[in-house]
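Colleague: I have a model open and want to learn how to read it. Can you take me through some features, one by one?

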Amino acid sequence: RCIAADNIDAIRQHLNVLSQLFAFDLTELQTALVQSKQLQQFSRFVNEYFMELLRSLETALSDLSSSKINDILCTLKWYDSQQSDIVAKLQLFRGVQIPEDANYDAVVTKTRDKLNATNAEIISNGLINDKLQRNAKDEHVTYFQQLNARLLALKKCAQLLTAHIPEHELNEIYQECVLRLENDFTRVVEAVQEKLRRSIDNDETFNEKDCDFLNDHYRILLALQQANVFQMHSQKIKLNTAITQISKLFDESISRLEHRAVDLLKLTHHAEDDASGQALNLLIESLIDLELLRTVCIEFKETIQTKLDRILYSFKEQHANKVTALHSLLSHSSSVWANNLVDHAIFQSIITQRFNRLSAAYGIDYVLENMDGIGDDIEKPAKKKKLRQLFDSCKQRYTELVTQYLRPPQEIDLAPLISRIKNIPEGRQQHKDRIVWTTDTKDKAVLLIAHIFAYWTLTKSASYFECTDKTDHRSYLRQPQDAQIIALFRLLNIGSDEQSYAKEAWDWCVNKLGM
């Protein structure tokens, strides 16, 4: 019955019966039982039972499962109380050997050591540590969820294990952890608030180290909020209030930088040339300060981006003739954060014009003269002549389409152009691994490329209508490089006498370009 029992209460009941049986002087019966297979089976059962109890203890301690730890301690305490009646008598039989550490006092000591080790680990790590600050926000939340789970486990241990370990000792372990975390939290909040208030009160800017500090510590507070670390452990900590206060200080500090930039913007507008130039340099410094804060302090990225956009668009509206100068000063700035600003939308026309001028040095003549190929006859003059004719045809059609559909952003309608593009590939002969073109449909590939590039240019044409340089309007349109067009010709085998085209290349051309 003891062997077949499937729960601890049944095992205890049957062992009690055995205890009563062993109380009599049954030497002859014991001698007979020693030879019994049932007794050998019982010996193995007793050995395995205690070994499994110790294995369960290791798992329970690892998980800090207070209920399982309590069950094991209660079981061993009962065994120890029955030591003279059961355990000692079990050992009369051969094969019954109970592990030395399977006793109540040893397990209490092991439990106490585990609780103290958990306490020491939590206190050592605290809320802020180097490993945590290097992790991403999601890992912050995971870390604090695990910390919360350990605190809850310690709290349950303080409630369930008082029959085995003094209550004051258990409470001391738990409360010491909570106190350390409360102190860490207070230090974090005070340090962040002090840095923000000093910036506001003394009109100080942030360096990169300051921004890293603010970003790391604010994200830790948000992760604590998401993981609900203090909700069940401390009435002292007002996490939501602290986050709200810090957010307001952040907003105030960001607004201070914005107001400074706006004041410099006004000064740039009204001052004489020398003073205006000085104000422009100071404006750039303010823009860089905002960009640094935007890039590093991720939680406030959208807010700061909105303010940067407002400042830069105001600058463009008030100083259209100085946008190029602003872009040039940012481009030549030694600050890495200035490089982020040079790609802002207000400079798009400048970027586009510069790109077009640079690519003009590598026009179609340069491309055809310097191109070569492996395994084909591209070096032959006739082949290059044919490519040039196809290129001229494509470029002419592209220019006609851009001229036909080019309108200001609020007026442009590209639906008819898109419809035309979708109808171009009709009539091709599609096979499993390639597309074959007949003579009368072969020119459709060139036509499709011209239409696709025209569509691309027209969707990026806003800067064309914003430019003030009326002498070179076309340079403000995003246009394909001549080398890009020739590369597509070569990719699709256009210009070759062969009429087979790689199916993958054509599908990419038609499908991947948004058509």
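Predicted model: local features only at pLDDT ≥ 70, side-chain atom pairs only at ≥ 80, totals over all residues.

Colleague: Start with the overview. How many helices and strands are there in the protein chain?

Modeller: The protein chain has 23 helices and three strands.

Colleague: What percentage of the 515 residues count as buried?

Modeller: Of the 515 residues, 45% count as buried.

Colleague: Now helix packing. How are two packed helices described?

Modeller: By the angle between their axes and the distance between the axes.

Colleague: Is the crossing of helix 19 and helix 20 left-handed or right-handed?

Modeller: It is left-handed.

Colleague: Which residues of helix 19 and helix 20 meet?

Modeller: Helix 19 brings Leu417, Ile418, Arg420 and Ile421. Helix 20 brings Leu448, His451, Ile452, Tyr455 and Leu458. By type, the residues of this contact are seven nonpolar, one polar and one charged.

Colleague: Give me a second pair. At what angle do helix 18 and helix 22 pack?

Modeller: At about 115°, with the axes 11 Å apart. Helix 22 covers residues 482-491. Helix 18 passes helix 22 in a right-handed crossing. From helix 18, the contact uses Lys383, Leu387, Leu390, Phe391, Cys394 and Lys395. From helix 22, it uses Asp482, Ile485, Ile486, Phe489 and Arg490. The residues of the contact of helix 18 with helix 22 are seven nonpolar, no polar and four charged.

Colleague: Stay with helix 18. Is Lys384 buried or exposed?

Modeller: Lys384 lies in helix 18, residues 381-405. Its relative accessible area is 16%. The cut-off for buried is under 20%, so Lys384 counts as buried. Now look at where the side chain goes. It reaches the backbone oxygen of Leu368 at 2.7 Å.

Colleague: Next, a loop residue. Where is the place of His233?

Modeller: His233 sits in the loop between helix 10, residues 208-227, and helix 11, residues 239-270. It is buried, with a relative accessible area of 10%.

Colleague: With which side chain does the side chain of His233 make a polar contact?

Modeller: With the side chain of Asn148, at 3.0 Å. Set aside neighbours within four places in sequence, and His233 is in contact with Asn148, Leu151, Leu152, Lys155, Tyr174 and Val178.

Colleague: Where is Leu64 found, and is Leu64 buried or exposed?

Modeller: Leu64 is in the loop between helix 3 (37-63) and helix 4 (66-81). It is buried, at 7% relative accessible area.

Colleague: And Asn228: which loop holds it?

Modeller: Asn228 is in the loop between helix 10 and helix 11. Asn228 is partly exposed, with a relative accessible area of 38%.

Notes: Residues numbered from 1 in each chain as written. Heavy atoms only, no water. Left-handed = near helix turned anticlockwise from the far one by under 90°. Helix = DSSP H or I, 4+ residues; strand = E, 2+ residues; numbered from the N terminus. Contact = heavy atoms within 4.5 Å. Nonpolar A, V, L, I, M, F, W, Y, C, P; charged D, E, K, R; others polar. Buried < 20%, exposed > 50% of the residue type's maximum accessible area, 1.4 Å probe, protein only. Polar contact = N/O pair within 3.5 Å; in protein donor to acceptor, adjacent residues only side chain to side chain. Axes fitted to C-alpha atoms, helices over the stretch in contact; angles between N-to-C directions.
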